[in-house]
Amino acid sequence: MSESTNGHPAKNNGVDHDNAPVRAEPGPSHTADLGFGEPGEQNLSHGPVELPLTKADFSSDQETRWCPGCGDYAILASVQGFMPELGISPEKIVFVTGIGCAGRFVYYMDTYGMHGIHGRAPALATGVATSRRDLSVWVVSGDGDLLSIGGNHLIHALRRNVPLKILLFNNQIYGLTKGQYSPTSEEGKVTKSTPFGSQDHPFNPVTLALGAEATFVARTVDTDKKHVAQTLRAAAAHEGAAFVEIYQNCNVFNDGAFDAVRAKGQKELNQILLEHGRPIRFGPEGERGVARGADGRLQLVDVAQVGEDSLVVHDAQRAEPSLAFELAHLAARPTGPTPVGVFRAVKRPVYGQGLAQELDEARASTATEQLEELLHSGETWTVHS
Amino acid sequence: MASGPFMDEKTLEKIDRVVVRFAGDSGDGMQLTGSRFTDATAVVGNDLATLPDFPAEIRAPAGTPHGVSAFQIHFASRDILTPGDHPNVLVAMNPAALITQLKAVEKGGVVIVNEDGFSDHNVRKAGYESNPLEDDSLDDFQVFRVPMTSMTVRATEDIEGITSRDAARCKNLFALGLVSWMYGRPTEPSIRWIEKKFEESPPLRDANLAAFRAGYNFGETAELLAVHYEVDPAPAPPGTYRNVNGTQALALGLIAASVQSGLGLFLASYPITPASELLHALSRHRRFGVHTVQAEDEIAAANMALGAAFSGRLGVTATSGPGMDLKAETIGLAVAMELPLVVVDIQRAGPSTGMPTKTEAADLLMALYGRHGESPLPVVAACTPSNCFDSAIEAVRIAVTHRTPVILLSDTFLANSSEPWRLPEAANLPDIDPGFATEPNHDGDFMPYLRDEKLARPWAIPGTPGLRHRIGGLEKEDVTGNISYQPENHDHMTRLRAERIARVEVPELEVDDPDGGASLLVLGWGSSYGAIEGAARRLRREDGLELATAHVRHLNPLPPNIEDVLRSYERVLVPEMNLGQLSKVLRAEFLIDVESYTKVDGLPIFTRDVMEQVQERLL
């Protein structure tokens, strides 16, 4: 009854592994089509890598224990599949998780990992990332963990711009504790703890992150492998804190919550794919779009009626977050047309940039003499024998 | 003005010890006055101990009793151990200072008041019905009325750019000058300090210098004070000394431990009184690679330190009582992860917000047991300001070599009070070997919970090839570290976690029993050390009593010989600044009915308190 957490090159156990080697060489094929640079460029400090790394190099040998059909499986496969692209040795990567179904994620990655206590993953990860700038640090958390008990740590990690990649698995429910409403559950939600319907107004995680001055905010959908990988790529390329909301279906306690943007036949109609520098349009033929109305507000329009020139051109790199906010507010809930992609990606000094190195160098040059001098600082006097 | 032999005709009396208390409004600069006087005293070579006492309010309404800030210094020509129970001299800058502090002053003691502070308005504000300088309320004391404010204003009136308001604010330096003269303190350290402090503002520099000199000269020339005193240097072991308070010593100890272990010091803290001072002190030492983070809350601070520890740093978080409550769950995580983490708790009076600036030692049981589940960890307690240095190194040694969180207990009294510290030689400090794992430890695999002879697990830090592993708060199988809910494994792990802490090597309890025939042992822990030792010396000297003393520095595990020591005395008295927490532990562990003396008034245990308790039992 024990789950191994420490195996070496993965023995595939039930996860849908794609073992085809993925070359970890920088190149145009790995550059996100979102225009935020290339992971390899920023991660030189992570050191040389033995190539080629494969998905298997990042998959631990243990049995995944999520409910069959859980959206977490798809995300795990996407993350494991994406990792070789980072071009970073697995031992230089640290995953940090909190409590909840998403918390188990860390045991399935064959990297270094910490499974912390409820809500505190961003703080644990801040300790890792700020003391060791040679590591690539990833936080995986759920909506209860990250937005309820851990809300404080999330907003502060974002405002500080700690170099963390934060993946929020949002399923709008508490799964591990068996089905209570979460801070992203809709008003009126009937759950075990709200038999008469929840009265709580939910968070929109994207607007929360934007409000916390996050420099990178994106949203994707668990089963859209390609878009998940694209979003991870952009997040990895971002220097500083990257916040990625992933709509994740909990097929046991909240099945179908994201059908409008996830189910075949609906997602084609409702996913508003945000691409930096391009007019925002959606629908099977791109026949719908986002335009600014006479009252100054964003609205959903038929492109044929307003003309392509009237469409809003997405600008994720705008310094002030107003457009990102407006886009996030196009859909209060993912029940109709809902933007996915990178809302915002701006440059701001990374927390502690240069400091870890400065301190390492300072320490390297510290010897007994300096300590002696420190102890003797201030007013001293000598007593002779 | 010189500090050399006085050419006046005033009487010079030699005394062996004195306790002076400076008191004024919290805006009057009494802490500064006290610490300047302390530096000058240290330079003389007197032994000394200090006790700042300030309100929680930064600026309480001026002139009110709850805005009074005080600083007490005890200095002597012999070895002393506490800041003194009762001041011999009180310097009161206003009626509020007088009304709140007078009750502590010994009968017949000296009271120097700033006469200018005693306006009718201030007298009423302090709660006096009539001016205490005009009625008989000070008949038991030698009162000296000095118009400090007006004399300061007069001394500074020729300085350009100084308003009379600025000038009045320098009156604390006048008081410093006056008391410096009274006790023959050298003026150079204070002058040097003023010159440096006000380097940027020559008018303020000159005004403060003028005020200081005016106070000194007033003592020398005015006929009011007929006597001044001389306190010879105290005999002390040869060496270089500096004056240090508990916070400074703790900061230096952590830096020294970082140097000695080669581990980068990473301190994450959230502002809280009185532990913030440690954050301030350490944040100045980037030169030693010290990384400090002011976290968003206490929980984050503990987690950041733990994350840093996982990454191969010396992870430290520091707080005071309320913050300990918040860190409890994270400390439990560190117990499960078996990672080195030092948690500093500078105890203050509780419960809840309690009295943030007042001392207490009531977090012992929380340190020992205050987490859910069986979650044992080592607990070390500092006993004097300078001992905070050694205690910090000891806490780090245990944490690093045993891969465990360690709680280091200090308290508000230790943190703020100061004493001369004979500096250790950096070259003689103990080395601490982090012993990072670098290679697989089991048939080419890495087992993160495979233990050494101390039952400590390997510390494998990210970036080490071949040792990738995941750890967390879920119960894990011994050796492999795999998650396990097996009944027998949890039973095994629970006992193993207890055993490995019980195996931490701790020095024997040293007993001071000079006569060898004492029937009573006074057993202390924490900051009561000075009071207990001081009381024992006086009781032996003055009352001819035979008594033994011992001080517990490791609260978990307890010293190996403690039971034998306790059993070898008919009676054991345990003074504590709580309602008997160590007593409870000793009774529970050894079924020995120790006698508990408790005090929870926010003040340190005084020598007098311990003396009375012993006298009651032995006389």
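Predicted model: local features only at pLDDT ≥ 70, side-chain atom pairs only at ≥ 80, totals over all residues.
User: How should I read a sheet, and which strands form the open one here?

Analyst: The general idea is that strands of a sheet pair through backbone hydrogen bonds, either parallel or antiparallel. Here nine strands form an open sheet with mixed pairing, and their order is β8(A)-β12(A)-β6(A)-β7(A)-β5(A)-β4(A)-β2(A)-β3(A)-β17(B). The edge strands, each of which pairs on one side only, are β8 (271–274) of chain A and β17 (470–472) of chain B. From one strand to the next, the twist averages 20°.

User: In which sense do β6 and β12 of chain A pair, and what packs on the sheet there?

Analyst: Strand β6 (residues 216–221) and strand β12 (residues 338–345) of chain A pair in the antiparallel sense over four bridges, and within that pairing A:Phe216 stands opposite A:Ala345. Helix α7 (residues 225–237) of chain A packs on the sheet, where it touches β5 (165–170), β6, β7 (242–247) and β12 of chain A. The direction of α7(A) makes about 165° with that of β6(A).

User: Which strand of chain B pairs with β13(A), and over how many bridges?

Analyst: The partner of β13(A) is strand β9 (residues 239–245) of chain B, and the two pair in the antiparallel sense over four bridges.

User: Why can β9(B) be called largely enclosed by the rest of the structure?

Analyst: The reason is that five of the seven residues of β9(B) are buried. A residue counts as buried here if 20 or more other C-beta atoms lie within 10 Å of its own.

User: How do I read the sides of a helix, and which residues of α12(A) are buried?

Analyst: An α-helix has 3.6 residues a turn, so residues three or four places apart point the same way. In α12(A) the buried residues are A:Ala356, A:Leu359 and A:Arg363, and they cover an arc of only 65° around the axis, which puts them on the same side of α12(A). The face turned away from that buried side carries the exposed residues A:Glu361 and A:Ala364. What covers the buried residues of α12(A) includes α3 of chain A together with β11 (291–294) of chain B.

User: What does chain B look like as a whole, in secondary structure and in radius of gyration?

Analyst: The secondary structure of chain B comes to 20 helices and 24 strands. Its radius of gyration is 27 Å, close to the 25 Å that the globule rule gives for 619 residues, so chain B is as compact as a globular protein of that length. Of those 619 residues, 57% count as buried. Among contacts in chain B with a separation of 6 or more, residues 24 or more positions apart account for 75%.

Note on methods
Residues numbered from 1 in each chain as written. Chains lettered and ligands numbered in written order. Pairing = 2+ DSSP bridges. Axes fitted to C-alpha atoms, helices over the stretch in contact; angles between N-to-C directions. Contact = placed C-beta atoms within 7 Å. Rg over C-alpha atoms; globule rule 2.2 N^0.38 Å. Buried ≥ 20, exposed ≤ 12 C-beta atoms within 10 Å, placed from the backbone. Arc of directions from axis to C-beta.
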